[in-house]
Amino acid sequence: MPEASKKAVKACGKNLKLVYTPVHGSGYIPVTTILKKIGINATVVPEQTKKDTDFSTVELPNPEFKETLSMGIALAEKIGATVVFGTDPDSDRLGVAVKGKDGEFTALSGNQVGILLLDYILTRLKEDGKLPANAAVVKSFVTTGMARAICNKFGVTLFEVPVGFKFIGDKIKQWEKDGKYTFVFGFEESCGYLRGTHARDKDAVVASMLCAEMVCYYDYKGKTVSERLEEIYKDYGYVLDKNVSIQYKGLNAMKEMNAVVDGLKVKPVTKFDIYKVAYIRDYSKNIKTEVATGETSEIGSPTTNCVYYELENGSFICVRPSGTEPKLKIYYSVKANTKQDAEEALAKMQEAVEKLLKSVV
């Protein structure tokens, strides 16, 4: 732990009111143990500490959803806590909810927690003079476009890989062999984070420790995590990230989803409403095409069936079939000056994408 962070945890950790729920999963002992080890005692949701394969107190044990953290939030309101953590059944993904100025709890998205941790890790490494000259961050290509702006500011190389943390693990393994880069952080929008090279997968135990440390650090600085997030948006511009899933049914569901993506690959697209497309990536062929010139280049990524549109303003739209369930997934990362501008832009983009999808069905 960086020296300033140690001071922050020592000064603020004992008074930090944090609620944690393992949601009937395996995180209870490891998460509470690691928090206690750094000097933070979490209040645990008692009804959700018991192992329960039916996860009877939640509809879905998925920390991406605010509903999954609802019992934790209720307990936080009761005891006056300011932050809630929740881990999924195998404790590799972390959900976070924070108390805002209005006193209401907001569940942060995986993208928001990811950029907060990225900003915090790089800030602390730079402050301590420990940011490697060859530092590298890895994210899935559907994860927020905000990551690139943050990495650029710190002079850190950002790598994008297909969805699946194994691809982040592959980068770690590669750099351990050739020494070209030093891995400092990896994350996915689905609440998966990894700091360190002790694992080749996302780790909610270490992520819980880091998030608690981060809360203390900003408390020590006289601000909240929510306020720091607003500062990030002010520094880099607002980015609105959203993903939409289209459900498919029947024995041919996977075939039909892949057919839609295949149709997009051969469909000329130059804009989504007023937003011009700069590049189109076809991950099935590992090819990136510049729309204005038609020039192609290699993406340098493992292949997967996916079409990705880079927009001129730094936004992106990505369409891919889920690899685990019959859903066509559409990811939007919309960059704008304000939240309202981003929401208006998203609405226009979604309408344009819906028309595009209908044209290839």
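The model is predicted. Helices α2 and α7 pack against each other at an angle of about 35°. Helix α7 also gives the most to the lining of the largest cavity. Strand β15 holds Y309 and E310, and is one of the elements that supply at least two residues of the lining of the second largest pocket.

**Packing of α2 and α7**

- Helix α2 covers residues 28–37 and helix α7 covers residues 204–220; their axes lie 9 Å apart.
- The two helices cross in the right-handed sense.
- On the α2 side the contact is made by P30, V31, I34 and L35, and on the α7 side by V205, S208, M209 and A212.
- By class, the residues of this contact are seven nonpolar and one polar, with no charged residue.

**Largest cavity**

- The volume of the largest cavity is about 30 Å³.
- Its lining consists of V96, L108, V113, L116, C211, M214, V215 and V225.
- Helices α4 and α7 each supply at least two of the lining residues, and α7 contributes three.
- The lining is made up of eight nonpolar residues, with no polar and no charged ones.

**Y120 in helix α4**

- Y120 sits in helix α4, which spans residues 110–127.
- Y120 counts as buried because its relative accessible area is 1%, and the cut-off for buried is under 20%.
- Beyond its neighbours within four places in sequence, Y120 is in contact with S5, L210, E213, M214, Y217 and Y218.
- One of these contacts, M214, is also listed in the lining of the largest cavity.
- The C-alpha atoms of Y120 and Y309 are 29 Å apart in space, and the two residues are 189 apart in sequence.

- Y309 belongs to strand β15 and is buried, at 1% relative accessibility.
- Leaving out neighbours within four places in sequence, Y309 contacts L264, V269, F272, V277, Y279, I280, S315, F316, I317 and L356.
- Y309 and E67 are separated by 242 residues in sequence and by 32 Å in space, C-alpha to C-alpha.
- E310 is likewise placed in strand β15.
- E310 has a relative accessible area of 15% and is therefore classed as buried, the limit being under 20%.
- Not counting residues up to four places away in sequence, E310 touches K276, V277, A278, Y279, R281, K288 and S315.
- V277, Y279 and S315 are among the contacts of Y309 and also among those of E310.

**Second largest pocket**

- The second largest pocket has a volume of about 600 Å³.
- It is lined by 31 residues, of which R148, L158, E160, R281 and Y308 are the closest to its centre.
- R281, in that central group, is also one of the residues that E310 touches.
- At least two lining residues come from each of α5 (146–154), β7 (157–161), α6 (165–178) and β15 (307–311).
- The lining divides into 14 nonpolar, eight polar and nine charged residues.

Terms used:
Residues are numbered from 1 along each chain as its sequence is written. This is a predicted model: local features need pLDDT of at least 70, side-chain atom pairs count only at pLDDT 80 or more; totals for chains, interfaces and linings use all residues. Side-chain values use heavy atoms; hydrogens and water are left out. On a 1 Å grid over the protein atoms alone, a cavity is a set of points where a 1.4 Å probe fits but cannot get out, and a pocket is an open set with protein on both sides within 12 Å along at least five of seven lines; lining residues have an atom within 4 Å of a point. Grid points are joined across faces, edges and corners, and a volume is the space filled by probe spheres set on the points. Helices (H or I, at least four residues) and strands (E, at least two) are DSSP runs, numbered from the N terminus. Ala, Val, Leu, Ile, Met, Phe, Trp, Tyr, Cys and Pro count as nonpolar, Asp, Glu, Lys and Arg as charged, and the others, Gly among them, as polar. Axes are lines fitted to C-alpha atoms, for helices over the stretch in contact, and angles run from 0 to 180 degrees between N-to-C directions. A crossing is left-handed if the near helix is turned anticlockwise from the far one by less than a right angle, and right-handed if clockwise. Contact means heavy atoms within 4.5 Å. Buried means under 20% relative accessible area, exposed over 50%, partly exposed in between (1.4 Å probe, protein chains only).
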